[in-house]
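Here is a short report on a single protein chain. Keep the model open beside the text and follow the residues as they come up.

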Amino acid sequence: MRAARLIKLVLLLQSRPSMTAAELAAELEVSERTITRDALALSEAGVPVYADRGRGGGYRLVGGYRTRLTGLARGEAEALFLSGLPGALRDMGLEDAASAARLKVSAALLPSLRDAPDSVARRFLLDAPGWYQEPESPEALPPIAEAVWDDRTISARYRRGDREVERELDPYGLVLKAGVWYLCARSGSAFRTYRVDRFTAVALGVARFERDAAFDLSAFWAERAAEFARSILRAEVVVRLTEAGARRLPYVTDRAAAEESLAAAVPEGPLLRVVLPVESEDVAYSQLLTLGAEAEVLAPASLRARFRDAARAMTSLYG
């Protein structure tokens with residue numbers, strides 16, 4: 001533990017002209033007294049750490065000293081690629097590894113380039129969770145992430161409906177979609193997708209599985225996501241749209257379904273008659289209601305009646 005801290009202290013001083021004891025203590029999460037002892041130990045070991053005394057003093061490396069201890073460990077290198085997802089790193093227990101990796105990269109850069117990581121961080125951030133919801137941090141995520149990184153099998157209990165099932169899984173990858181974590185894993189000979197927050201127990205196995213080199217996480221997720229989107233569209237409505245309604249339709253309902261329906265639409269004068277797949281009549285009501293007078297529901301009759309009642313209520317309200 002102390003050896004890792006000493007290395008990190010040297011890398012910090014290598015990446016910056018000078019740091020005070022208070023700054024180093026805060027960065028390394030130790031006391032200033034510990035920093036003093038560590039600096040003395042480094043000096044005795046031949047690392048030229050120099051302490052400037054006084055109000056503006058601090059610690060610095062003398063004579064352009066540069067350590068070669070900048071090689072990334074495997075876990076640090078992997079975590080570095082996720083460094084734009086601070087919440088995801090924290091949830092998976094990789095925050096410390098990413099911090100160490102960023103520090104090593106900064107220390108290895110030329111002095112003229114050392115502000116590059118901060119410059120990028122000030123300008124770009126990937127915020128994965130959706131609006132209006134608290135991001136989830138499932139308890140099972142850290143052990144699952146560890147298994148994914150290490151190609152370790154897991155034994156798990158998974159909540160499916162009102163019952164729990166037991167599964168032996170080869171965890172291939174994790175996906176963060178709109179604030180919800182999903183595990184893509186092989187069960188037997190088939191690849192499946194599991195919501196991480198539905199795992200009630202996870203135990204890491206001793207054995208490592210042989211990863212299928214042909215498995216492409218991005219392609220697998222895209223295919224499953226498309227299948228899921230199609231599977232929930234179990235009903236149809238017939239709608240007559242104005243030009244403005246046709247433009248807005250992909251933004252109020254499933255985009256792929258809307259675009260396919262518009263491509264097959266039948267012109268009726270200046271309007272378009274569209275057969276639209278929807279999740280349910282209730283969902284269609286809430287989605288199409290946002291189009292106002294730009295959409296007229298023709299079928300089913302029960303949905304048209306709901307829009308007629310809504311129109312009457314609005315007329316009564318606004319006169």
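Gly 245, Ala 246, Leu 249 and Pro 250 are the buried residues to look for in α10. Viewed down the axis of α10, the buried residues fall within an arc of 140°, so they line one face of the helix. An α-helix has 3.6 residues a turn, so residues three or four places apart point the same way. Arg 247 and Tyr 251 are exposed, on the other side of α10. This is a predicted model.

What do the buried residues of α10 pack against? Their partners are β8, α11, β10 and α12.

## How α10 meets α11

Two packed helices are described by the angle between their axes and the distance between the axes. For α10 and helix α11 (residues 255-263), the angle is about 150° and the axes are 7 Å apart. Angles over 145 degrees count as roughly antiparallel. The two helices, α10 and α11, are therefore roughly antiparallel to each other. Their crossing is right-handed.

From α10, the contact uses Ala 246, Leu 249, Pro 250 and Tyr 251. From α11, it uses Arg 255, Ala 258, Glu 259 and Leu 262. By class, the residues of the contact of α10 with α11 are six nonpolar, no polar and two charged. Ala 246, Leu 249 and Pro 250 are also buried residues of α10. Tyr 251 is exposed, yet Tyr 251 takes part in the contact too.

## Helix α12 and its cover

Helix α12 spans residues 281-288, and Ala 284, Tyr 285 and Leu 288 are buried there. Seen down the axis of α12, the buried residues fall within an arc of 105°, so they line one face of the helix.

## How α12 meets α13

The packing angle of α12 and α13 is about 40°, and their axes are 10 Å apart. The two helices, α12 and α13, are therefore oblique to each other. Here too the crossing is right-handed.

On the α12 side, the contact residues are Glu 281, Asp 282, Ala 284, Tyr 285 and Leu 288. On the α13 side, they are Ser 302, Leu 303, Arg 306, Phe 307 and Ala 310. The contact of α12 with α13 has six nonpolar, one polar and three charged residues. Ala 284, Tyr 285 and Leu 288 are the buried residues of α12 named above.

## Backbone details

Look next at the loop between β11 and α13, where Pro 300 is found. A cis peptide bond joins Ala 299 and Pro 300, with omega at about 0°.

Glu 29 is not a glycine, but has a positive phi of about 60°. Glu 29 sits in the loop between α2 (21-28) and α3. With a relative accessible area of 72%, Glu 29 is exposed. Asp 151 also has a positive phi, near 55°, and is a residue other than glycine. Asp 151 is placed in the loop between α8 (141-150) and β3 (152-160). Its relative accessibility is 21%, so Asp 151 counts as partly exposed.

## Two buried residues elsewhere

Is Val 47 buried or exposed? Val 47 is buried, with a relative accessible area of 11%. Val 47 lies in the loop between α3 (32-44) and β1 (49-52). The C-alpha atoms of Val 47 and Leu 61 are separated by 8.0 Å, and the two residues are 14 residues apart along the chain.

Ser 187 belongs to strand β5 (residues 180-187). Ser 187 counts as buried, at 18% relative accessibility. Leaving out residues up to four places away in sequence, Ser 187 touches Arg 167, Glu 168, Leu 169, Arg 192 and Tyr 194.

## The chain as a whole

The protein chain has 13 helices and eleven strands. Of its 319 residues, 34% are buried. Among contacts between residues at least 6 apart in sequence, 61% join residues at least 24 apart.

Terms used
Residues are numbered from 1 along each chain as its sequence is written. This is a predicted model: local features need pLDDT of at least 70, side-chain atom pairs count only at pLDDT 80 or more; totals for chains, interfaces and linings use all residues. Side-chain values use heavy atoms; hydrogens and water are left out. Helices (H or I, at least four residues) and strands (E, at least two) are DSSP runs, numbered from the N terminus. Buried means under 20% relative accessible area, exposed over 50%, partly exposed in between (1.4 Å probe, protein chains only). Contact means heavy atoms within 4.5 Å. The arc is that of the directions from the helix axis to the C-beta atoms. Axes are lines fitted to C-alpha atoms, for helices over the stretch in contact, and angles run from 0 to 180 degrees between N-to-C directions. Angles under 35 degrees count as roughly parallel, over 145 as roughly antiparallel, 65 to 115 as roughly perpendicular and the rest as oblique. A crossing is left-handed if the near helix is turned anticlockwise from the far one by less than a right angle, and right-handed if clockwise. Ala, Val, Leu, Ile, Met, Phe, Trp, Tyr, Cys and Pro count as nonpolar, Asp, Glu, Lys and Arg as charged, and the others, Gly among them, as polar.
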